[in-house]
Amino acid sequence: MRHMAFLRIYVPLEKLHERLHQLARNAAKLSRADIEAEAAERLNRRLRPDSFSLAPRSSDPPIIRVLEAADLSGETRQYYHVNYLERAAFESQFMRRKYFDDELYNRLVPQKTLHTLEKISELQADAGLVSRPIPNMRMELWNVPLVWLAAFTGDPDNYDYQSTTESIVDGTRVVRRVRDFYVAFQQISWVHRYFDHYGPDPLNHPYRNAIVKLHSWLSSYQIRRPFEGLIELDYGALTQYAWPDTAGKLLAEGHAAIEEISQLEDDMETQFYEEAGEYDAFAGVPPAMLKRAADTMQAKYQAATKVWERISRYEHAN
């Protein structure tokens, strides 16, 4: 099994194109193990150096994954992630580029073929089979971006759905984490807002920049209530290195530091105006306290980064 991680978005059936509804219903009858076995077989077939078929076979239906979650009323809902055909082909270019040298890559992936795939993808988008403006997944090789982990930090709300499952895929132990999309989006929004106010070097920090990009992607779904979607972090074969989630816990500790200074500032401001005169102005939290919170966030971020630097070294040993 390839050392890939995925961040997937799942939506209710009514959010899918009507042409996909029956395929989605059929997928709901399959086990997740069967779905993942088919997905792994297709990916392995496309990535073999002796395979010159860049795109999946046109007869292959899209891979559709299904998740279930009970809402606050106890009703079980189903959510779907559709792995579109040509989009999967484009994603495989990244994989090929990592696994093969330049000469072999250029032979397997001629530019003319890429242009053809792009045209096919546009036709699929015109037909409503591919959601052109909103990709429904992110993929990384030998990496789980820290900002993905941030979506799973924070104390759960009353309406928060979370689950962690383990399974065996292609002979490899795999952990997947699922969270209510709205709650995950709110958490990323919170980190974005408070990092801008209390984080280290907020305008130039790589963590903040990654948060902005993820926030933009998630906001494009326009999901504004709980149980309108789910987000899944699939560790894939990286599970053996990345689980339990040490890096995520470090980030959560950094988030807690800037949350604490934010709450302190609110409390101090409230108390100040309760006691101050009409024309007095609140001076803010002492700079030393702000610096301590920012330094804590930076230290936790650097520690989390080192966790993944250590994990990435295994790529060169495999």
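**Starting point**

Pro244 lies in the loop between α9 and α10. Helices (H or I, at least four residues) and strands (E, at least two) are DSSP runs, numbered from the N terminus. The model is predicted: local features need pLDDT of at least 70, side-chain atom pairs count only at pLDDT 80 or more, and totals for chains, interfaces and linings use all residues. Residues are numbered from 1 along each chain as its sequence is written, and side-chain values use heavy atoms, with hydrogens and water left out.

**Exercise 1. The backbone around Pro244 and Trp142**

Task: Which form does the peptide bond from Trp243 to Pro244 take, and what is the phi of Trp142?

Solution. 
1. The Trp243 to Pro244 bond is cis, and its omega is near 5°.
2. Trp142 is not a glycine, yet its phi is positive, at about 55°.
3. The loop between β4 (137-141) and α6 (146-150) holds Trp142.
4. Trp142 has 7% relative accessibility, so this residue counts as buried. The classes are buried under 20% relative accessible area, exposed over 50% and partly exposed in between (1.4 Å probe, protein chains only).
5. For Asp170, also not a glycine, phi is positive and near 55°. Asp170 sits in the loop between β5 (162-169) and β6. Its relative accessible area is 45%, so Asp170 is partly exposed.

**Exercise 2. Strand β7**

Task: Is strand β7 (residues 230-234) largely enclosed or open, and which strands pair with it?

Solution. 
1. Five of the five residues of β7 are buried, so the strand is largely enclosed by the rest of the structure.
2. Leu230, Glu232 and Asp234 point one way from β7, Ile231 and Leu233 point the other way, and all are buried.
3. Strands count as paired if DSSP finds at least two bridges between them. Strand β1 (residues 4-10) runs antiparallel to β7 and is joined to it by five bridges. In this pairing, Ile231 of β7 has Ile9 opposite.
4. Strand β6 (residues 172-180) is also joined to β7 by five bridges, again antiparallel. Here Glu232 of β7 has Val178 opposite.

**Exercise 3. Aromatic rings**

Task: How many aromatic pairs are there, and which residue lies over the face of Trp217?

Solution. 
1. Rings of Phe, Tyr and Trp (its six-membered ring) pair if their centres lie within 6.5 Å; planes under 30 degrees apart are stacked, over 60 edge-to-face, and the rest tilted.
2. This rule gives nine aromatic pairs. Trp142, Tyr241 and Tyr314 are linked by ring pairs into a cluster.
3. A charge sits over a ring if NZ of Lys or CZ of Arg is within 6 Å of the ring centre and within 35 degrees of the ring normal. Arg138 lies over the face of Trp217, 4.1 Å from the ring centre.

**Exercise 4. A residue of α11**

Task: Is Lys291 buried or exposed?

Solution. 
1. Lys291 is part of helix α11 (residues 287-312).
2. Its relative accessibility is 53%, so Lys291 counts as exposed.
3. Gly199 is 92 residues from Lys291 along the chain, and the C-alpha atoms of the two are separated by 8.9 Å.
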